[in-house]
Amino acid sequence: MVRPALALLFLLAACSTSPLTGRSQYLIVSDNMAVTQSAAAYSQMMGEFGKKKQIETGTPRAEKVREITDRLIAQAVRFRPDSANWAWEVQVINDPKTVNAFCMAGGKMAIYTGMWERLKATDDEIAQVMGHEIAHALADHTRERMSIAMTSAVATTTAAIALGSRDSGPGTGLALTGMQLASVLAIQLPNSREGESEADQIGIELAARAGYDPKAAVTLWEKMAKESGGKQPAEFFSTHPSPQNRAARLAELGTKVQPYYLAAKQNPVEAPRFLGAKADQKERSEYAAKLANEPDTLTFLAEPFERFKSGKAVFQCRTECALRYGTRKTDWKRLHENKQWRELAVSVMQTEYLSDLSYFMLAEAARGMGLKDAAATYYKRAVEAGARYGCGADAGFDCEGFEVQKRAQAALKGQS
Ligand SMILES: [Zn+2]
């Protein structure tokens with residue numbers, strides 16, 4: 001039997017906070033594992049569809065899907081730079097009865113021809129579907145569901161895998177390991193309504209920034225809902241349950257991201273291609289790294305991020321935030337090392353813990369992003385906080401190897 005204290009420790013270790021949403025997630029499958037195992041399962045699945053001549057290539061709509069998806073990925077990597085190294089891939093599955101699409105951890109995607117045959121989806125609507133799917137992968141929802149599948153009995157049994165419509169699903173021919181099975185189950189288990197809301201918000205923004213009409217998000221879900229009222233409900237609906245007032249919320253989000261849409265329409269984004277051969281990997285990574293430190297973020301994170309940029313971030317929390325601080329400050333060291341300034345700022349803002357280390361990290365992030373005034377403000381707050389809330393003085397906490405006071409004071413004197 002596991003002692004309660006140990007069980008709690010295990011739970012804490014398994015809970016991570018999404019850098020994109022700040023929500024605590026149950027993640028026992030590592031990022032690397034999720035990506036490699038999903039890719040292995042995907043290649044088996046596509047092989048199976050290929051044998052049945054169900055992979056559609058070279059048609060205008062298959063080409064269109066590649067173009068749309070590529071433009072969405074170019075936005076996705078802005079907000080999650082590590083995804084520039086994913087081996088993104090999209091396939092069109094010829095299965096006119098199935099209304100579905102998915103994106104596995106690591107960017108392996110597919111869309112079923114039922115989207116056109118049954119829904120008559122427009123390009124803007126396809127962009128919304130794929131944007132929504134990509135958002136699930138970016139926000140680690142896919143990895144979260146892999147983790148759930150791994151810990152529930154379902155992963156250890158050879159569950160029947162229906163990848164397509166009920167009568168034409170392959171799956172019996174697949175020889176999947178437990179982890180690969182979990183990666184397939186991850187795209188078949190329903191998302192939480194909370195996850196749906198997150199994906200709606202991130203997806204509509206990725207699409208707008210890629211130049212696709214946000215209004216299409218509303219029409220898409222309307223079409224889906226109508227289709228689901230019929231004899232054969234859209235498969236998509238069973239894995240993407242509708243959060244409350246989805247249509248109203250999407251309309252509201254659409255208004256918010258409308259300026260991005262108009263801007264992208266006027267000046268189409270110049271970006272490397274992300275689908276296909278990895279020859280231009282360097283170009284992709286450079287593109288992502290350059291954009292990652294622009295002082296621009298998803299509207300999702302806009303409120304705390306704007307406060308950070310304007311130098312107005314003030315922390316007062318010491319008790320309720322202590323646990324969060326304890327688990328997240330190791331991330332800060334890594335983000336600092338990798339110069340992922342925007343993610344660092346977001347993580348500190350989400351933690352809200354009052355300490356000189358928190359302010360120091362905000363200062364470093366602001367400086368990295370060229371926000372001089374904000375940087376000076378936070379270095380000053382770090383020095384002030386040091387008197388009572390120095391990271392070194394906290395019981396059980398340390399400064400992650402940073403000489404916070406020394407460096408903050410030096411920065412203020414302009415010596416560093
Ligand atoms: Zn969804």
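In the predicted model, helix α5 (residues 123-138) lies across β4, β5 and β6 and runs at about 35 degrees to β5. Axes are lines fitted to C-alpha atoms, for helices over the stretch in contact (heavy atoms within 4.5 Å), and angles run from 0 to 180 degrees between N-to-C directions. Helices (H or I, at least four residues) and strands (E, at least two) are DSSP runs, numbered from the N terminus. An open sheet of four strands, with mixed pairing, has the order β3-β4-β6-β5. Its edge strands, β3 (55-56) and β5 (101-103), each pair on one side only; strands pair if DSSP finds at least two bridges between them. Strands β4 (residues 89-93) and β6 (residues 108-112) run parallel and are joined by five bridges, with I93 opposite Y112 in β6.

The zinc ion is coordinated by H132 (NE2), H136 (NE2), E196 (OE), E196 (OE) and H240 (ND1), at 1.9 to 2.5 Å. Donors are N, O and S atoms within 2.8 Å of the metal (3.2 Å for Na, K and Ca); water is not among the atoms, so sites may look incomplete. Along the chain, the donors follow the spacing H-x3-H-x59-E-x43-H. Because H132 and H136 are four residues apart in helix α5, about one helical turn separates them. H132 is buried at 3% relative accessibility, and H136 is buried at 1% (buried, under 20% relative accessible area; exposed, over 50%; partly exposed, in between; 1.4 Å probe, protein chains only).

The count of salt bridges (a side-chain nitrogen of Lys or Arg within 4 Å of a carboxyl oxygen of Asp or Glu) comes to 33. K64 forms a salt bridge with E67 (3.5 Å, N to O), both residues lying in helix α3 (residues 60-79). K64 also forms a salt bridge with D123, the closest N and O atoms being 3.7 Å apart. This second pair links distant parts of the chain, K64 in helix α3 and D123 in helix α5, 59 residues apart.

Residues are numbered from 1 along each chain as its sequence is written, and side-chain values use heavy atoms, without hydrogens or water. As the model is predicted, local features need pLDDT of at least 70 and side-chain atom pairs count only at pLDDT 80 or more, whereas totals for chains, interfaces and linings use all residues. Mean pLDDT (the predictor's confidence in each residue, from 0 to 100) is 86, and 88% of residues reach 70 or more. Over residues 1-13, pLDDT is below 50. Residues 164-171 stay under 50 as well. Where pLDDT is low, the predicted coordinates should not be read in detail.
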